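Me: I have a model open and want to go through it piece by piece. Can you take my questions as they come?

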Amino acid sequence: KLALYVGSRGRIEIDDVDAVVGDAAELAIDRVVMAAAAGDTSRALAEFDRAVAAGESAQGVILAVQRYVQRLHRIRAVIEAGRGLDDAIRSLRPPVHFKSRPALEAHCQSWNLQRLDEAQTRISGAAKAARFGGGLEQALAERLLIEVSRLARVAAAERRRGGSDAAS
C-alpha cells in the first residue's frame, strides 16, 4: 500500500508513512480538499491521484469537497452577519480539530460568499454527474478540483484587491 501511495517518486517520506497508517483515508482526502481550497491545483490533483491509488473513491472526494465548502460557507455567512472568525469557528459542530484550524482560518479569510456559492453550484453538478457518470467519476472529480482551486485563487485575489464581499 505504501509503494502504491508513493508511486514513481522512489523515495518514501515520513508524511507518506503517516498518510498510509491509521486514519489514512481521511487524511488523504483531507489533503486533497485542503489543497483545492487553498487554490493549489497541482497539489490537489497529485493528492487526488495518490488517494485514488490507495483505494479512495472519486465520489468520496467530491463529497468531502462539498462538506468542506459548505462548512466554509457557514462560517463566512456568520462572519458577514457581524460575528468574528474565532466565534464563527467555535460555533461549528463537530468542532474543528486543532491541527485543521490554521488552514480553515486561512480559507475563511480568503474565500468570499460569492465564490463559495459558485463552488457549491459546481460541486452539486459534479456530485450529480458522478452518480450517473458511468465510469467518469475520476475525470469529474479532477475537473471539480481544478475548478474549486481556480475559484479559491480568484477569491483570494479579490480579497487582496479589496473586492466585493471582502470584509472579514
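Predicted model: local features only at pLDDT ≥ 70, side-chain atom pairs only at ≥ 80, totals over all residues.

Me: OK, the core. Which residues touch the most other members of the largest nonpolar core?
Reply: V65, I75, L104 and W111 do, in a core of 42 residues. A nonpolar core here is a set of buried Ala, Val, Leu, Ile, Met, Phe, Trp, Tyr and Cys residues joined through side-chain atoms within 4.5 Å. Buried means under 20% relative accessible area, exposed means over 50%, and partly exposed is in between (1.4 Å probe, protein chains only).

Me: Which elements give two or more residues to this core?
Reply: Helix 3 (24–37), helix 4, helix 5 (58–80), helix 6 (85–90), helix 7 (101–110), helix 8 (113–131) and helix 9 (137–161). The largest share, ten residues, comes from helix 5. Helices are DSSP runs of H or I with at least four residues, strands are runs of E with at least two, and both are numbered from the N terminus.

Me: And what does L104 touch?
Reply: Not counting residues up to four places away in sequence, L104 touches Y68, L72, I75, I89, L92 and V96. Contact means heavy atoms within 4.5 Å.

Me: Switching to charges. How many salt bridges does the structure hold?
Reply: There are 15, where a salt bridge is a side-chain nitrogen of Lys or Arg within 4 Å of a carboxyl oxygen of Asp or Glu.

Me: What about R50 and E47, buried or exposed?
Reply: Both are buried, and R50 has a relative accessible area of 18%. Their side chains meet in a salt bridge at 3.2 Å, N to O.

Me: Which residue does D40 pair with?
Reply: D40 forms a salt bridge with R43 (3.7 Å, N to O). D40 is partly exposed at 27%, and R43 is partly exposed at 38%.

Me: Which residues are linked in a network of salt bridges?
Reply: R115, E118, R122, R143, E147, R150 and E158.

Me: Now the surface. Which residues form a nonpolar patch?
Reply: I12, I14 and V17, with about 260 Å² of accessible area together. Patches are made of residues with over 30% relative accessible area and no salt bridge, with like charges joined within 9 Å and nonpolar side chains (Val, Leu, Ile, Met, Phe, Trp, Tyr) within 5 Å. Accessible areas come from the Shrake-Rupley method with a 1.4 Å probe, and for residues only the protein chains shown count as cover. V17 is in helix 2 (residues 14–20) and is partly exposed at 31%.

Me: Last one: where is the cis peptide bond?
Reply: It joins R93 and P94, with omega about -5 degrees. P94 is in the loop between helix 6 and helix 7. Most peptide bonds are trans.

Terms used: Residues numbered from 1 in each chain as written. Heavy atoms only, no water.
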